[in-house]
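Open the structure in your viewer and keep the selection tool at hand.

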Amino acid sequence: MTPDLRTGYLGLTLKNPVVISACPLTERIDTLQKLEEHGAAAAVFPSLFEEQIEREEMELHGLYETGAETYGESLSYFPDMVDYNAGSTNYLRMLELAVQSVGIPIIGSLNGVSRGGWVRFARSIEDAGAAALELNVYGIFPDPARTAADVEAELVDLVTAVRERISIPLAVKLPPFFTAFANLATRLADAGADGLVLFNRFVHADIDLDTLRVAPNLVLSEPFESRLPLMWVALLRGRVSASLAATSGVHAPADVVKLLLSGADVTMTASAIYRRGPEHVRTLVSGLSAWMTENEYDSVEQMKGSLSHAHAPDPGVFERVGYMRTLASFSRWMP
Ligand SMILES: Cc1cc2nc3c(=O)[nH]c(=O)nc-3n(C[C@H](O)[C@H](O)[C@H](O)COP(=O)(O)O)c2cc1C
C-alpha cells in the first residue's frame, strides 16, 4: 500500500510535507510550475520588507527627504531590494499571477519587526489570493538599552496586529536566538500565530581581507543545520498549539523523515533546490515514501512527533543531558 503523505499545516491539507521555502525561486512562474510538477506541496513567496513598504509610503506623500533618517542606512539598499522582489506594487501582481498559475497553495511573506502602517500589506497579500501569510521577524537588536522582554513584547504586538488584519492562516518565521524560546513560542501562538516556522537562517557579515570591507554574503545551508530545528520542533511538539514547519538544512529524504519524526508538520527547503534544481523535490517526496514503506508507516500523520520530546524513549537527549553525553563521548578521541 502506498503511504498517505498528506499533512495538515496551518489548517490546510497539503498533499505531502515538502514545501518550498521563501526564496526568489518561487516567484518565477516557470520554476514554480516545475516545482509543482515535481511534487512540491506548497511554496512560500519571497518576502516583502517593512522598509520597502514604508519607503514607498513616504515617497507617495513627499516625505522621503525628511523621513529618510528613520530607516537610516537600510533605505539606501532599496534599489537592490526592488531587484529582489520587484517592489511592493509588483509584488502583489506577481503573487496573484503565481496563485493563478499553479494548483498548490502559495504562501505570501512579509518581513519586518515593528508595528506600523506597512502591516496593512498583510491584507493585500490575502486579497492577492495567498493561502496563508508567513511573517518573517528577522531582527538584529544591537541597542544595549533594549531588553529581551522589550523585543519579545514588540514581536507579540506585531503578530497581534497582523492577525487582526487577515482571515487567512498566519505563520511566524523566527530566528532561534531567544533566551526562553518555548515561552515566546507559546505567547506568539496565543497572539494568533497558527504556525511557527523554525528557523530563520541569518546572513552573517564577513570581512573581505582584500578590500578591507565588511559585506554580508549568502552561503547556502548544509544538512547538519537541520539539527537546530529538529531539536526545537521536538521540544515544542505538543507544547504549543501552533503548526510547526522546519526550515534550514533540509537536503535529503532522511532530513524530511527526521524532522517529521521530531514533530514537524512540514519541512521547507531552499538551498537544496538551488544546488540540485526543481527535480530534487521528487527525490525528497519519493525518498520519504520509500522510507515509510520500508519502516511500515501508513501515513505522515502517524509519523509526526513519534520521536518528539514527549515520545522519545530518551527525552533527555534534547536537553542538557544530551550535551553532557555528547561531550563525554569525545573523551577518548585523539586527533
Ligand atoms: C536566495 C535565498 C533567498 C531567501 N529569501 C528569503 C525571503 O525572502 N524570506 C524568507 O523568509 N526567507 C528567505 N530565505 C530563507 C529560506 O526561506 C530558508 O528559510 C533558509 O534558506 C533555510 O533553508 P535551506 O537550508 O533549505 O536553505 C532565502 C534563502 C535563500 C537561499
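Select the ligand and the shell around it: by class, this shell has ten nonpolar, eleven polar and two charged residues. Here Ala, Val, Leu, Ile, Met, Phe, Trp, Tyr, Cys and Pro count as nonpolar, Asp, Glu, Lys and Arg as charged, and the others, Gly among them, as polar. The model is predicted; local features need pLDDT of at least 70 and side-chain atom pairs pLDDT 80 or more, while totals for chains, interfaces and linings use all residues. Numbering starts from 1 along each chain as its sequence is written.

Next, pick Ser-21, Ala-22, Ser-47, Ser-221 and Ser-271, which come nearest of the 23 residues around the ligand (near: C-beta atom, placed from the backbone, within 6 Å). Two or more residues of the shell come from each of strand 6 (106-111) and helix 11 (271-276). Helix 11 gives the most, three residues. Helices (H or I, at least four residues) and strands (E, at least two) are DSSP runs, numbered from the N terminus.

Move to residues 205-208 and 213-216, strands 10 and 11, which pair in the antiparallel sense over four bridges (pairing: at least two DSSP bridges). Ile-207 stands opposite Val-214. Four residues separate the strands of this hairpin, and Leu-212 in the turn has a positive phi of about 55 degrees.

Finally, select Val-19. Leaving aside neighbours within four places in sequence, its contacts include Ala-40, Val-44, Ala-245 and Met-268 (contact: C-beta atoms, placed from the backbone, within 7 Å).

How values were computed:
Contact = placed C-beta atoms within 7 Å.
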